[in-house]
Amino acid sequence: MSLTDLTIAEASAKLRAREISAVELTTAHNEAVAALNPRLNAYITTTPEQALEQAKAADASIAAGTATPLTGIPLAIKDLFCTEGVRTTAASKILDPFIPPYESTVTAQLKAAGAVFLGKANLDEFAMGSSNITSGYGPVENPWKRNGSDAKLVPGGSSGGSAAAVAARIAMGATGTDTGGSIRQPAAFTGLTGIKPTYGRCSRYGIIAFASSLDQAGPLARTTEDCAILLQAMSGFDPRDSTSAERHVPDFRAAISRGVKGRRIGIPAEYRMDGISAEIDALWQQGITWLRKAGAEIIDISLPHTKYGLPVYYIVAPAEASSNLARYDGVRFGARVDGEDLIDMYERTRAAGFGAEVKRRIMIGTYVLSAGYYDAYYLKAQKIRALILRDFTEAFGKVDAILTPATPSAAFGLGEKMDDPVTMYLNDVFTVPSNLAGIPAMSVPAGLSSEGLPLGLQIIGRHFDEETVFSVAAAIERAANFTTKPAIIAGAK
Amino acid sequence: MGYMLEGSTGAWEIVVGLEVHAQVISESKLFSGASATYGGAPNAHVSFIDAGFPGMLPVINRECVAQAVRTGLGLNAQINLHSRFDRKNYFYADLPNGYQISQFAHPIVGTGTVEIELQDGTIKHIGITRLHLEQDAGKSMHDQHPAKSVIDLNRAGVGLMEIVSEPDIRSPEEAGAYLRKIRQIVRYLGTCDGNMEEGSMRADVNVSVRKPGEEFRTRCEIKNVNSVRFVMHAVEAEAQRQIEVWESGGTVTQETRLYDPARGETRSMRSKEDAHDYRYFPEPDLLPLVLDENWVADLKAKLPELPDDKRKRFCAQYGITFYDAGVLTADQLTADFYETVAKNRDARLSCNWITGDFFAALNRKSATIETSPVSAAALGELIDLITDQTINGRIAKDVFEDMVETGKMPAAIVEEKGLRQVTDTGAIDAAVAAILAANPDKVAEYKSGKDKLFGFFVGQVMKAMQGKGNPALVNEVIKKQLS
């Protein structure tokens, strides 16, 4: 088996058994990145020298017996995480050039755990998108292909580069961020597992903000266990993020083997939407059958405000984004286009620096917060957001977790769904409610579409109950035994 | 009738409300660990949070919250145990995030009231609408470079308390008295240094005029007035302008204006149409601010004595007039100085000395209590020397002047210069006898009924004794020898 094909858990065991060295593992990945990235465009910035230095330090740590499960594990870091001394772009030209003099808390914790950073993964500009086509650094190609077709597919977004890198085996795992589905949807499109933990589980310090009340960091990996290992290191209270939770971080990895016997799994009627494809519905039924077989109790539930999730999300997220992105004004960092006066400089800088989707969301966000519209849009959206949370709270009185499809479709082609932004926004229909409620949700690969593309199921849990989410996802993982690999993969000819 | 401005159509009443921005005294800024100290090299006190760098997040400074609560308590105001921060969005080069974190919908302090005293001794209550916490912006300078503006972010992110009054103020004098009162309270509390020259306290002044008995008319807001005197002038100038507008058949339009102290007038800054739409919304990077009731109670218990309370206590405890008590409690240092001097001494005599010779000397020397050449201990010692009759009141004034010039202690001066009061009746008898003997004609005139000459003899005797004679004894002996 090639080194790049190992899971994190496997590689970690081999490293500690001294069967392989961190330098070997990293070198294999650096070479795979060099070979595949020009095609996939999964990384905006690669850092092979830094990775090698970290690998050497990892080998020393393993030799000294101070290794963690992540020591020497090569990762891709979504380029929304500020990394000290390494260019950070948010996939936007407006931050060109920007080299942060500080490190995000999540990446600092991963570094402290001994992880190796291969580079900064591509994404939708400022994490705004579901296809990675809004990146100012070019789209990412999904390593998966439809049966008998060489058409380029999108990897999903916004953590598209992270997903493509891990699927193509040019990273063992990756960090992502999820504001409305940006971890789970690309994970589903590329046959990976990805979890958006509870809002507040991971610090947002040093992560470039899209929508502050929704953004959460989380991992993408090839197994639920690998996700658990990564999330373990990424989680924890941070006094520098007032919204991070001062709570004990449980042993996520232990939850993987817990099983679902006696657990109550909710099936929300409202997720059976018009236009849901037969194969997505069939996959969902398959998931229900698997969980029932594994000893879970299946309970029909209602989340009546589900249909308002998308409209609420597309008010709240742009509103916060319009404010969060005001700082990109050309005054202190990043790109500047000089102008006649201050206002002219702002206009030229922001016109040149932001892409179309970012501009669209800034416009929407500015509009919904404007005097005279605030009550009708933003305030109403906040009220419905509270109702969506209440739906979940009531449901979790009856069930321990909720099972839904992760996405309404499999990965689509580059250039498809581009005509109308709303069509693109519909990608997030199953994922946004858990962001609005702040609850953990995970995507796990469960099967293939008729065209041979991966499809995912989503498990949603209670606040701070990622353990149950992991245990249910792992049960599906075991039952689905998803072993198909993408067409474009490191080491393949 | 209160204060009125006379126009061509009759009397006009002024209606004023003030928004006072008071910089919070704290080690670090409202949402970052950077120093909140005034001054320093440009951009020396700036964290990545203050500069609005990507991924940076605000964290509320507990001490700033405590300072706001203390101020609220000092304003006799409601402390809101639940409050919240909002973003006020607008673009400007010295506002790094493109928004100011403020409290719009749910301020930390609600309604309160302060007492002001006018020249004629009238006491008036001015309502406080609210106090909220917000961050200051940086400073833009447009005169440092021929083609560029430069930005100093040292002030960006420093905590500000915005104290909003009800439109209860009816004259320039009341506006001045209110602002001085707010300054006095925050200084007593140590929550703001009240230094208007350095900009750590500034006021936005809302002015309108109306005919007596009318509803409020349209108001204009005069931004960033930075002294008590300018606030008073601005109120008057703006009221006069509005009266002229109304009386010439025009309409006052709501707008933001600036006061130009050089010209003594206000001028338009931006009209309502150009006003920003601040797009306030709840700050998602911060949790709602929830205060523990016990914590607030503890702050309240540890609050220093406030000026109004202190003034009342001074009257009761020291038997001084309400007016004098007002002078002595104008600021905490003066009050402490007085209490040190008056402790176990004649409280009224202490008051007279401080409000008289002592203040006059400070004034003359352009000194403050802190830089005074005469300490409270020294002044107390001087009063002791008077009380125990070591020196008389006239000599005491000379000794005091010596203390001001040399900084020496009074007892030392008295010893050094031999100013000890003469109470030895033998010496006084001799001095009186010598003067009477030297002025037989005056003695004769006195005895023939020219009573006024008594003062002449006293003066001559005191002069002969270099002022050291005990005045009562001198009088007594002269009377005896002349009879």
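Visitor: In the loop between which strand and which helix of chain A is the place of A:F464?
Guide: In this predicted model, A:F464 has a positive phi of about 60 degrees although it is not a glycine. Its place is in the loop between strand 11 (454–461) and helix 16 of chain A.

Visitor: Does A:F464 count as buried, partly exposed or exposed, and why?
Guide: A residue needs 20 or more other C-beta atoms within 10 Å to be buried, and 12 or fewer to be exposed. A:F464 has 19 C-beta neighbours inside 10 Å, so it counts as partly exposed.

Visitor: What span does helix 16 of chain A reach from its first C-alpha to its last?
Guide: Helix 16 covers residues 466–480 of chain A and has 15 residues. At 1.5 Å a residue, 21 Å is expected, and the helix comes close to that value. The span it reaches is 21 Å.

Visitor: Why is helix 16 of chain A described as largely enclosed by the rest of the structure?
Guide: The buried residues of this helix are A:E466, A:E467, A:T468, A:V469, A:F470, A:S471, A:V472, A:A473, A:A474, A:A475, A:I476 and A:E477. Helix 16 of chain A is largely enclosed because, of its 15 residues, the number buried is twelve.

Visitor: Which residue just after helix 16 of chain A takes a positive phi?
Guide: The positive phi is about 45 degrees. The residue that takes it, just after helix 16 of chain A, is A:N481.

Visitor: Which residues is A:I459 in contact with, leaving aside its neighbours within four places in sequence?
Guide: A:I459 is among the residues with the most contacts inside the largest nonpolar core. Leaving aside neighbours within four places in sequence, its contacts are A:A401, A:L403, A:A441, A:M442, A:V444, A:V469, A:V472 and A:A473.

Visitor: How many residues does the second, separate core have?
Guide: This core includes B:A36, B:A156, B:M201 and B:I222.

Visitor: From which helix of chain A comes the largest share of the side that touches chain B?
Guide: The contact takes 32 residues from chain A and 24 residues from chain B. Helix 10, helix 11 (342–353) and helix 12 (356–369) of chain A each supply at least two residues of the side of chain A that touches chain B. By class, that side has 16 nonpolar, nine polar and seven charged residues. The largest share, three residues, comes from helix 10.

Visitor: What radius of gyration does chain A have, against that of a compact globule?
Guide: The C-alpha trace of chain A spans about 65 × 55 × 50 Å along its principal axes, and buried residues make up 61% of its 493 residues. A compact globule with 493 residues would have a radius of gyration near 23 Å, and chain A agrees with this, at 21 Å.

Visitor: Where is A:S158, to which the peptide bond from A:G157 is cis?
Guide: The bond from A:G157 to A:S158 has omega near 10 degrees. A:S158 lies in the loop between strand 3 (116–121) and helix 5 (160–167) of chain A.

Visitor: Is A:A90 buried or exposed?
Guide: A:A90 lies in the loop between strand 2 and helix 4 of chain A and has a positive phi of about 55 degrees although it is not a glycine. The cut-off for burial is 20 or more other C-beta atoms within 10 Å. A:A90 has 34, so it is buried.

Visitor: Which residue in strand 10 of chain B is the bridge partner of B:L133?
Guide: Strand 7 of chain B pairs with strand 6 (residues 112–117) of chain B in the antiparallel sense over six bridges. Seven bridges join strand 7 to strand 10 (residues 159–165) of chain B, and these two also run antiparallel. In strand 10, the bridge partner of B:L133 is B:M161.

Notes
Residues are numbered from 1 along each chain as its sequence is written. Chains are lettered from A and ligands numbered from 1 in the order in which they are written. This is a predicted model: local features need pLDDT of at least 70, side-chain atom pairs count only at pLDDT 80 or more; totals for chains, interfaces and linings use all residues. A nonpolar core is a set of buried Ala, Val, Leu, Ile, Met, Phe, Trp, Tyr and Cys residues joined through C-beta atoms within 7 Å. Two residues are in contact if their C-beta atoms, placed from the backbone, lie within 7 Å. Helices (H or I, at least four residues) and strands (E, at least two) are DSSP runs, numbered from the N terminus. The expected span of a helix is 1.5 Å times one less than its number of residues. The radius of gyration is taken over C-alpha atoms; the globule rule is 2.2 Å times the number of residues to the power 0.38. Ala, Val, Leu, Ile, Met, Phe, Trp, Tyr, Cys and Pro count as nonpolar, Asp, Glu, Lys and Arg as charged, and the others, Gly among them, as polar. Two strands pair if DSSP finds at least two bridges between them.
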